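This briefing concerns the helices of one protein model and the contacts between them. Please consult the sequence and the structure shown here while reading.

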Amino acid sequence: MRGYLNKSEIRTYAIFALILLPITALCYKGELSIGTLTPFPLIIILFLMLFGSFIEIPIADIRTRKNEQLFKFAPLIEDIYSVPLVKELNMGKERVFNTTVTVNMGGFIIPIITIIYLLFTNPFVTALEVMLIIIAAATILSEMVNGVGIIVPEYIGIIAIPFALITTPQEAATITFIAGIGGILIGVIASAITFNKEKNGSAYINIGGAGSFKAIYATALLASLISYFI
């Protein structure tokens, strides 16, 4: 894990854990499922995503700029986003980050494998269509925060829900999971590729980790709960 758990992060993980308790009970009763994922595999995936969020897998190294304002506001940014920015600014060259691009186990690897499985076992063209909307929204609304990485709004996955209910209400949970999470991840990747590396930078760019995991996991929880009502 790149960052550390401050009070805000601890509260967020505590909320996720509290939501998992009734979801676990509902899965035990056999009342939740997403597509071909039956209750037991679903709850295992949700737990693996949460605990896997602490694991980052490096995939590439690039060079990005250390913005001058970072040195002034580093303690504040570090406190808000729970990343060790002060330490990272003292690493490498004075004005350049040796940026490591990573993928998060719980926020990228596990959900991508799950999405691929759902698409192969029960293809949903509608899910891909809704995903295009989420990709556009995530790309537009995401932001490269100097010293932190790509940040997406935590509520962005909610956008998939009304589209899923309108297009294929009987499969709204599956479409929300596939389109919401897949759209967020592709939007983050697009933003990571296209941001101006000569003006902005960070020691790490986390795909599915810091800056986007909360949005991804919240979408997974919402999709699971939606299945109860379908």
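The side chains of E9 and K214 are joined by a polar contact of 2.8 Å; a polar contact is a pair of N or O atoms within 3.5 Å, where within protein one must be able to donate a hydrogen and the other to accept it, and residues adjacent in sequence count only if both atoms are side-chain atoms. This is a predicted model, in which local features need pLDDT of at least 70 and side-chain atom pairs count only at pLDDT 80 or more, while totals for chains, interfaces and linings use all residues. Residues are numbered from 1 along each chain as its sequence is written, and side-chain values use heavy atoms, with hydrogens and water left out.

**The E9–K214 pair**

- E9 lies in helix α1, whereas K214 is found in helix α9; helices (H or I, at least four residues) and strands (E, at least two) are DSSP runs, numbered from the N terminus.
- E9 has 12% relative accessibility and therefore counts as buried, a term that means under 20% relative accessible area, with exposed over 50% and partly exposed in between (1.4 Å probe, protein chains only).
- When neighbours within four places in sequence are left aside, K214 is in contact with E9, T12, F16 and E154; contact means heavy atoms within 4.5 Å.

**Helix α9**

- Helix α9 has 14 residues and reaches 20 Å from its first C-alpha to its last, close to the 20 Å expected at 1.5 Å a residue; the expected span is 1.5 Å times one less than the number of residues.
- Because 11 of its 14 residues are buried, α9 is largely enclosed by the rest of the structure.
- Among the buried residues of α9 are F213, K214, Y217, L221 and I226.
- The cover over the buried residues of α9 includes α1, α2, β2, α5, α7 and α8.

- The 14 residues of helix α2 (residues 39-52) should span 20 Å at 1.5 Å a residue, and its end C-alpha atoms are 20 Å apart, which agrees.
- P39, L42, I43, I45, L46, M49, L50 and G52 are buried in α2.
- These buried residues pack against α1 (7-28), β2 (96-104), α5 (105-121) and α9 (213-226).
- The axes of α2 and α5 come within 7 Å and cross at roughly 150 degrees; axes are lines fitted to C-alpha atoms, for helices over the stretch in contact, and angles run from 0 to 180 degrees between N-to-C directions.
- The two helices, α2 and α5, are therefore roughly antiparallel; angles under 35 degrees count as roughly parallel, over 145 as roughly antiparallel, 65 to 115 as roughly perpendicular and the rest as oblique.
- I45, L48, M49 and G52 of α2 make this contact with M105, G106, I110, P111 and T114 of α5.

- Helix α8 (residues 172-194) has 23 residues and reaches 32 Å from its first C-alpha to its last, close to the 33 Å expected at 1.5 Å a residue.
- Helix α8 is mostly covered, with 18 of its 23 residues buried.
- The axes of α7 (residues 160-167) and α8 come within 9 Å and cross at roughly 140 degrees, so the two helices are oblique to each other.
- A160, I161, A164, L165 and T167 in α7 meet A172, I175, T176 and G180 in α8.

**Loop residue V83**

- V83 is placed in the loop between α3 (68-81) and α4 (85-89), and with 1% relative accessibility V83 counts as buried.
- V83 and N6 are 77 residues apart in sequence and 9.5 Å apart in space, C-alpha to C-alpha.
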